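Biologist: Can you walk me through this one? I'd like to start with the charged pairs.

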Amino acid sequence: DILGEAGLHFDELNKLRVLDPEVTQQTIELKEECKDFVDKIGQFQKIVGGLIELVDQLAKEAENEKMKVSG
């Protein structure tokens, strides 16, 4: 109790820690959630990048067809 009041805690390996075990667990969970979010954002960027390339390609093909028709 005295250590807890001083902000010191023991972990599951009986190592002295400054952070409360609950705060440590929340920090770990937040870190994992952030990693998942960053991974999903990366996947989203790849999908959007592919879509942009496709639209650019279609636009070029449309321009080529316009040139054939007007030429």
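Modeller: Aspartate 39 and lysine 35 join their side chains in a salt bridge, 3.0 Å from N to O; the term means a side-chain nitrogen of Lys or Arg within 4 Å of a carboxyl oxygen of Asp or Glu. This is a predicted model, where local features need pLDDT of at least 70 and side-chain atom pairs pLDDT 80 or more, while totals for chains, interfaces and linings use all residues. Side-chain values use heavy atoms, without hydrogens or water, and residues are numbered from 1 along each chain as its sequence is written.

Biologist: Where do aspartate 39 and lysine 35 lie?

Modeller: Both are in helix H2, four residues apart, or about one turn. Helices here are DSSP runs (H or I, at least four residues), numbered from the N terminus.

Biologist: And lysine 35, buried or exposed?

Modeller: Exposed, at 53% relative accessible area, whereas aspartate 39 is partly exposed at 37%. Buried is under 20%, exposed over 50%, partly exposed in between (1.4 Å probe, protein chains only).

Biologist: How many salt bridges does the whole structure have?

Modeller: Three. Lysine 66 pairs with glutamate 63 at 3.4 Å, N to O, and glutamate 65 with lysine 68 at 3.6 Å between the closest N and O atoms.

Biologist: How far apart in helix H2 are glutamate 65 and lysine 68?

Modeller: Three residues, about one turn. Lysine 68 is exposed at 61%, and glutamate 65 partly exposed at 46%.

Conventions:
Helix = DSSP H or I, 4+ residues; strand = E, 2+ residues; numbered from the N terminus.
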